[in-house]
Amino acid sequence: MVSFSAVAKRYPGGHEALRDVSFSLQAGEFAFLIGRSGAGKSTLLKLISAIERPSAGSVLVNGQNVGALKRSAIPYLRRSIGLVFQDQKLLYDRSVYDNVMLPLGFSGYAPREAARRARAALDKVGLLARERSNPVQLSGGEQQRLAIARAVVNRPALLIADEPTANLDREAAERILEIFLSFQQVGVTVLIATHDLELVERYGKRVLRLEAGRIA
Amino acid sequence: MNAWLRQHRDALRDALARLPRTGGLLSIVVIGVALALPAGGYVALESLRSLGARMTLEPQLSVFLRPEAKRAEAEALGVTLRADARIARVRFVPREQAFRELSAVQGMSEILGALGRNPLPDAYVVQPKDDAPAALEALARDLARGAAVAHVEADSAWARRLGAIAALVRTALWLLAALLAAGLVAVTFNTIRLQILTRRDEIELARLIGATDSFIRRPFYYLGLLQGLAGGVLALGIVAAGLALLNRQVAALSESYGSAFRLGFPGAGDAVALLAFAAVLGWLGASLSVTQQLRRMGT
């Protein structure tokens, strides 16, 4: 599903975020990406969704060489990946429902099918009753679940989350994790970057550890 | 409905909803007023030009004989004129014919009737070979020396002057239209820029989760197009209202000259051309703005 070979990422100015990173994720696999802040977790996730391009090596997603993708092909790659951002990027000028509808707007679904998918995604994360609320009215955990609903509404085969449990209490964090596990159970490949080691140990899943830009 | 059409419909709906916001209405007023200036000028000029076109623009001289001149003297002058190498054509207008023609002009028959006699002289209308103003004047001077001649008038001089002024005004109007078109593009550019800035979060997010650039651009294209179109409609309204107002005065003025002249309203073709022009400029402004803003945002 995802395959890195000898990937390096150097930012303009010389900062080397990743060095010689190689790993692969099988389809349907669930993995944690751990490491201190600044270890390169976010950079690695950005390379998968072509937000950044590798300076060296190759990043394959679903058999496509992401680093060599044409600009015009990138949107279609991104539609096949569900992204949960560290800062969530919810839109506060519209309802919970309209936040989830956003990715469906450019995927070309008929309105009825889009509405059905949006409600299904909200139901999956337990927010169907809040569909008319504004995201501001939601708790931290609920906002994170909304971000997940938006990420999965296009039914991606790959789900990537950057620190989805940051700033959440134990109970809310576990609820988020359970949601990700339920997606893995239906065949979605899941990669979660986190520095919450306690949570990682409890689930006993595969762990990729980044230290100073290298897989340790 | 297929997905492509649906996306266009959604983009149009989105643009319509956003048109009244972020200075959209104000921009429409600016565009409308800016377009009304050259459009109104053009319409007035076309009316004047059609008036001028009724006068012949070929240079000709009217040679009026002294009223007491005998017909034989007139015929003798005719022979001289026809023999003149500088003259292409000569037409004799006997005083009786001139009287009949003048009587046919609205309101003149009563005046002429009141005179009780024909006050008009015999005349020749002379078409010179060389229509350069200097040659024309030289010829007029020579002809005025004839014994039977009372007065020589270059009929067409004012018509030609009108033509030249019209051409000048038209060029000035095109220049004004070009300048205002650039202004219109700039106004649209700025409104769209503000629209994009207020929706920055949404646009950045949409790009991150797989929206194509054309999907992001589409509502802004429609916004620019609609804004231009609305400005064009407003401009037509301003021109029509202005003409209606002016025509009251024009009617009073031209009736005092016995004319039914009015400033004409723009035809359907001109109106459509104006709307299309405004819409295209709006689209252009939006297109430039979106391109610049998206580039600034990066990927």
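Predicted model: local features only at pLDDT ≥ 70, side-chain atom pairs only at ≥ 80, totals over all residues.
Residues are numbered from 1 along each chain as its sequence is written, with chains lettered from A and ligands numbered from 1 in the order in which they are written.

**A:Asn167, an exposed residue with a positive phi.** Where does A:Asn167 lie? It is in the loop of chain A between strand S7 (158–162) and helix H6 (170–185). Phi of A:Asn167 is near 65°, again a positive value in a residue other than glycine. A:Asn167 counts as exposed because it has 10 C-beta neighbours inside 10 Å.

**Strand S1 of chain A and its two antiparallel partners.** Strand S1 (residues 2–10) of chain A runs antiparallel to strand S2 (residues 16–25) of chain A, and six bridges join them; strands count as paired if DSSP finds at least two bridges between them. A handy landmark here is A:Ser5, whose bridge partner in S4(A) is A:Ser58.

**The two domains of chain A and where they touch.** The assignment, an automatic or database one, gives chain A a domain 1 (2–80 + 156–215) and a domain 2 (92–153). Their centres, taken over C-alpha atoms, are 23 Å apart. Eleven residues of domain 1 are in contact with nine residues of domain 2, where contact means C-beta atoms, placed from the backbone, within 7 Å. On the domain 1 side, H6(A) gives the largest share, five residues. That side is made of eight nonpolar residues, one polar and two charged, with Ala, Val, Leu, Ile, Met, Phe, Trp, Tyr, Cys and Pro counted as nonpolar, Asp, Glu, Lys and Arg as charged, and the others, Gly among them, as polar.

**An open, antiparallel sheet of four strands in chain B.** Read across the sheet and the strand order is S2-S3-S1-S4. The edges are strand S2 (87–93) and strand S4 (149–154) of chain B, each pairing on one side only. From one strand to the next, the twist averages 20°. Strand S1 (residues 61–65) of chain B pairs with S4(B) in the antiparallel sense over five bridges, and B:Ser62 has B:Glu153 as its bridge partner in S4(B). Helix H3 (residues 71–83) of chain B packs on the sheet, touching S1, S2 and strand S3 (123–128), and its direction makes about 165° with that of S2(B). For that angle, axes are lines fitted to C-alpha atoms, for helices over the stretch in contact, and angles run from 0 to 180 degrees between N-to-C directions.

**B:Leu236, a buried residue in helix H9 of chain B.** Helix H9 spans residues 213–255. B:Leu236 is buried, since 22 other C-beta atoms lie within 10 Å. Setting aside neighbours within four places in sequence, B:Leu236 is in contact with B:Ala271 and B:Leu274. B:Val272 is 36 residues away from B:Leu236 in sequence and 10.0 Å away in space, C-alpha to C-alpha.

**The side of chain B that touches chain A.** Here 13 residues of chain B are in contact with 13 residues of chain A. On the chain B side, helix H1 (3–18) and helix H8 (200–208) each supply at least two residues. Which helix gives the largest share? It is H8(B), with five residues. The chain B side divides into seven nonpolar, three polar and three charged residues.

Note on methods: Buried ≥ 20, exposed ≤ 12 C-beta atoms within 10 Å, placed from the backbone.
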